[in-house]
Amino acid sequence: MKNAELRIGCQTFTWEMLGTGWSGGPDDLVRAIADGGYAGIEITDTMIDHYALKPADFARTLTDAGLALVSFAFGSASGFTVPEKIASDLDTARRWVDFAANFPGALVSIGSATVVSDGPRDEKFAIAAECYNRATEIGQSAGVTVAVHPSSHHNTLLFTRNDYDRLFALLDPGVGWVPDTGHILRGGQQIGDTLAAHRDRIRYVHLKDVDAGGTWAMLGEGVCDVPAVISAVRDAPNFIGWIVVEEESDHAGTDPAAAVRANRETLRRLGF
């Protein structure tokens, strides 16, 4: 979808990272994101709460708020790198694919492969690739696109450009990618080169910022060249039009709703 019309969404991890400091529910997230000026939401398995078994109810809640479901994101304690857990991880993938299928155009985002067990790190790429490939087949059977979201968090298998190249070489062509600007930069990568190298996999983007030392920063206050990123992903052949803003800075930890509103204003000032 070259030069797709841009739509700006918001990821709920800004609240999720508060842990027990967050006592609200998904309705609070929907209201805050809609009030922040966003058009869509990406929600996770941790934050969906009582709507997990009620996709029709969640769809009505989103419609009432004027939001679309961009994607449903989930991770696994297995890090998608434990062979004995693949069957369980695929059952989980099937559950959330079935959920996302109730929302036209919504994707399923699978979290980063992570090292959670002993054994050679090199061997874990093949395990993760098998899980991602098979999850994508599950999605295809239901008409739902599945995409991988690498991260730079503790014990991630997908940190450097070499890590990305190695995993993507093992993935089927239909497996999508959700590039995350903050995680790419924290991995010491040249973001433009990484996006260009795997542009055919890009489905949508997670947009967030870091300073030169890799510490999370409010959007526009770090080293991420936001216009360049948006230009690059917008030209990718399978980009669906969503820019999903995610905020992990200390400022977001004190007032998530204010932080996401500020980020939306930053994008407006930049012309988006």
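Contact here means that heavy atoms lie within 4.5 Å. The model on display is predicted.

**Stop 1: G9 and its surroundings**

Begin by selecting strand β1, residues 7–11, and locate G9 within that strand. With a relative accessibility of 0%, G9 counts as buried, because the cut-off for that class is under 20%. Next, display the contacts of G9, setting aside neighbours within four places in sequence: Y38, G40, W242, I243, V244 and V245. The C-alpha atoms of G9 and E42 are 7.1 Å apart, although 33 residues separate the two in sequence.

**Stop 2: the pair α2 and α3**

Now select helix α2, residues 26–35, together with helix α3, residues 55–65. Two packed helices are described by the angle between their axes and the distance between those axes. For α2 and α3, the axes come within 10 Å and cross at roughly 25 degrees. The angle therefore makes α2 roughly parallel to α3. Viewed as a crossing, the arrangement of α2 and α3 is right-handed.

Show the side chains where the helices meet. From α2, select D27, V30 and A34; from α3, select F58, T61, L62 and A65. Sorted by class, the residues in this contact of α2 with α3 are five nonpolar, one polar and one charged.

**Stop 3: the annotated domain**

Finally, select residues 30–269, which an unreviewed UniProt entry annotates as "domain: Xylose isomerase-like TIM barrel". Over this range, the chain is 42% helix and 13% strand. The C-alpha atoms at the ends of residues 30–269 are 24 Å apart.

Terms used
Residues numbered from 1 in each chain as written. Predicted model: local features only at pLDDT ≥ 70, side-chain atom pairs only at ≥ 80, totals over all residues. Heavy atoms only, no water. Axes fitted to C-alpha atoms, helices over the stretch in contact; angles between N-to-C directions. Helix = DSSP H or I, 4+ residues; strand = E, 2+ residues; numbered from the N terminus. Parallel < 35°, antiparallel > 145°, perpendicular 65-115°, else oblique. Left-handed = near helix turned anticlockwise from the far one by under 90°. Nonpolar A, V, L, I, M, F, W, Y, C, P; charged D, E, K, R; others polar. UniProt positions renumbered as here; feature names shortened; annotations may be inferred. Buried < 20%, exposed > 50% of the residue type's maximum accessible area, 1.4 Å probe, protein only.
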